[in-house]
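I opened a new structure today and kept notes as I went. Here is what I looked up, in the order I looked.

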Amino acid sequence: MALYAQPIVRLLEELERLPGIGPKSAQRLAYHILRGDADAAERLAEAIVEVKRKVRFCARCFNFAEDELCEICDDPRRDLSALCVVEEPRDVVAIERTGEFRGTYHVLQGAISPIDGIGPDQLRVRELVSRLGESDVTEVIVATDPDIEGETTALYIARLIKPLGIRVTRIASGLPVGGDLEFADEVTLGRALEARRDM
């Protein structure tokens with residue numbers, strides 16, 4: 001005897017394909033959709049279809065865009081001398097929320113991960129180098145994740161760009177505000193010490 005009607009099984013299967021969604025989360029989402037009215041379900045379905053039809057990657061930085069260029073690349077007020085290299089479009093959003101960076105971005109679409117078969121050729125590294133050759137960028141800020149893949153990617157990019165005579169910097173990583181020293185791991189604490197500044 002089947003536990004669910006076939007349409008529910010299909011919905012659960014599709015929801016479980018989403019990152020971070022396991023069987024329990026898929027059930028909660030499915031029940032929420034089923035309890036809601038038909039209009040809410042249609043709005044959700046239409047939003048998914050619309051985003052797949054209308055959103056693409058920016059031709060310059062590979063962030064999400066509705067037009068050929070994203071809003072950041074299309075903004076004449078941005079500082080074209082500073083370029084921040086990130087792994088994913090969500091990283092652009094995180095940095096923009098700080099309000100501290102007024103330059104432009106380059107989204108790699110991932111990080112170097114030999115275990116997963118991802119090398120520089122699977123990322124937007126070639127486009128980055130090409131872009132630097134045609135621009136007035138004086139500083140590249142590498143803002144990849146502080147994990148093994150992110151560090152590997154950062155080192156690779158630094159080695160590639162330094163010979164071009166462009167300054168390459170790495171965002172500091174260290175202790176979160178409100179964190180306790182005793183609970184910090186050695187790498188985080190070491191980075192916090194390395195990134196110290198004058199007071």
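I started with strand 3 (residues 82–86) and strand 4 (residues 104–107), which pair in the parallel sense over four bridges. For my own record, two strands pair if DSSP finds at least two bridges between them. Strands are DSSP runs of E, at least two residues, and helices are runs of H or I, at least four residues, numbered from the N terminus. I then looked up Cys84, and its bridge partner in strand 4 is Tyr105.

I noted where my values come from: this is a predicted model, local features need pLDDT of at least 70, side-chain atom pairs count only at pLDDT 80 or more, and totals for chains, interfaces and linings use all residues. Residues are numbered from 1 along each chain as its sequence is written, and side-chain values use heavy atoms, with hydrogens and water left out.

Which residues of strand 3 are buried on each side? I found Ala82, Cys84 and Val86 on one side, and Leu83 and Val85 on the other. Buried here means under 20% relative accessible area, exposed means over 50%, and partly exposed is in between (1.4 Å probe, protein chains only).

**On to strand 5**

Strand 3 also pairs with strand 5 in the parallel sense, over four bridges. There I saw Val85 standing opposite Val142. Strand 5 (residues 139–142) has Glu139 and Ile141 pointing one way and Val140 and Val142 the other, and all are buried. Strand 5 pairs with strand 6 (residues 167–170) too, again parallel and over four bridges.

**The whole chain**

I counted up the secondary structure and got seven helices and six strands. Along the sequence they run α-α-α-β-β-β-α-β-α-β-α-β-α. The radius of gyration, taken over C-alpha atoms, is 21 Å, well over the 16 Å from the globule rule for 199 residues, so the chain is more spread out than a compact globule. That rule is 2.2 Å times the number of residues to the power 0.38. I also boxed the C-alpha atoms along the principal axes and got roughly 65 × 50 × 35 Å. Of the 199 residues, 29% count as buried.

**A last stop at Val55**

I found Val55 in the loop between helix 3 (38–54) and strand 1 (56–57). Is Val55 buried or partly exposed? Val55 counts as partly exposed because its relative accessibility is 33%.
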